[in-house]
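Open the model in your viewer and keep the selection panel at hand. The tour goes stop by stop.

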Amino acid sequence: MRCPRCKDIYLSVLDELDAGAEEELKTHLESCDECKKEYSEVQGLVNYLRVKTLPDIIPAHGPQKAIKRDGGFFVRFFGVLKPAVAMIILVLLFAVGLQLFHQPSLSPEEKEVVENMEFLKDLDVLEKLVQIVDGTPGEHSSICRKHFRMAWGDEIYSEFLS
Amino acid sequence: MKGGCVKEAEADLIRKAQKGDNNARNELVNRYYEKIYRAAFRLCGFDREVAFEATQETFLKLMTRLDSFEGKCSLGTWLYRVLINECLQQRRKDKIFRKFLKAWFGNGSNKNFIEPSQVENLARKEEQCCIKKAMNKLSKQQRLVVTLKVMEGLTMKEVAEILGISEGAVKSHLFRGIRTLKEELGSRSEL
Ligand SMILES: [Zn+2]
């Protein structure tokens, strides 16, 4: 618009124009169509903005809850995250479960190897036993007892040997 | 005179609330809750969930900081200031994260809201979407001034106090803001 009154128009529409200037503007509007049009447009815009931006509903959540609902940062954060956290935990549990229950199926040959491995662990103990039985049992009796127990887990045999 | 009475009654209420009077506290919240939620809705891009969060945070801050409230400004001004900070933070906050949660875990049809009829809702949302687009063309200051002055209907003086700027600055942001919005929304607002 060419007429320099637009600021007064804005202020008038927003109830911020002082009485003197308001009077002056009214007189001007009677004689200026351009400003009249501008005035009605600005008024339309302001009304439109006021009405259309109203929230459709005020939350039913009362103000009392606003006070009580003080969970602090963590509660609020994890409140939002609840479903996400549940998902992560589920996935983790699933992964751990897979690891635990996943038994590699062995062929008969492989099983034999595994059993032999168990036996080899005790080989060193047996070697010592052979030494003891063949040699002088006196100084080895304590080791003998210990190793016997370790090898077979049976006390009777170790007592018998000593 | 009337303003003075209102202020005095409010100061009395604040004193009682500071001493731990629960009724006074509730009364304070009741007095401002709707006003603050409405402003939050307008400041947070018409997203009611975000507006609700910001409103809750504002009143939590009021309750936790009430003891240190000295009454240098009115309670309304103080609440608006806290709210604006909250809304700016909410806007900044991981919008993508929120969207992700919404997309994957659904909206959870928030219990805080009762849905109005769908047709009414759709038309309203469309209008608000247009207004939001137009508002996004404004600077942050212009947006704040337009929201507080045009939509909320506060006085220039109140807006200046809330934003901590001069009334002249408020006016200049306002004029520019309105001009831009008129260009963007002119045809709609004439309907
Ligand atoms: Zn004119």
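**Stop 1: the largest cavity**

Select α7(B), which gives the most to the lining of the largest cavity, with five residues. Helices here are DSSP runs of H or I with at least four residues, numbered from the N terminus. This is a predicted model: local features need pLDDT of at least 70, side-chain atom pairs count only at pLDDT 80 or more, and totals for chains, interfaces and linings use all residues. Residues are numbered from 1 along each chain as its sequence is written, chains are lettered from A and ligands numbered from 1 in the order in which they are written, and side-chain values use heavy atoms, with hydrogens and water left out.

On a 1 Å grid over the protein atoms alone, a cavity is a set of points where a 1.4 Å probe fits but cannot get out; a pocket is an open set with protein on both sides within 12 Å along at least five of seven lines; lining residues have an atom within 4 Å of a point. A volume is the space filled by probe spheres set on the points, which are joined across faces, edges and corners.

The largest cavity has a volume of about 160 Å³. Now pick B:R42, B:L43, B:R91, B:R143 and B:T147, which lie nearest its centre among 16 lining residues. Colour α2, α4, α6 (118-135) and α7 (140-151) of chain B: each supplies at least two lining residues. The lining divides into eight nonpolar, three polar and five charged residues. Nonpolar means Ala, Val, Leu, Ile, Met, Phe, Trp, Tyr, Cys and Pro; charged means Asp, Glu, Lys and Arg; the others, Gly among them, are polar.

**Stop 2: the second largest pocket**

This pocket has a volume of about 700 Å³. Select B:K7, B:E10, B:S74, B:L75 and B:G76, the closest to its centre of 28 lining residues. α1(B) supplies the largest share, eight residues. Domain 1 (1-119) and domain 2 (120-184) of chain B both contribute to the lining, so the pocket lies between them. Those bounds come from an automatic or database domain assignment.

**Stop 3: a bent helix**

Where does α9(B) bend? Go to B:E183: the bend there is about 55 degrees, taken as the angle between axes fitted to the seven residues ending there and the seven starting there.

**Stop 4: chain A**

Finish on A:I9, in helix α1 (residues 6-13) of chain A.
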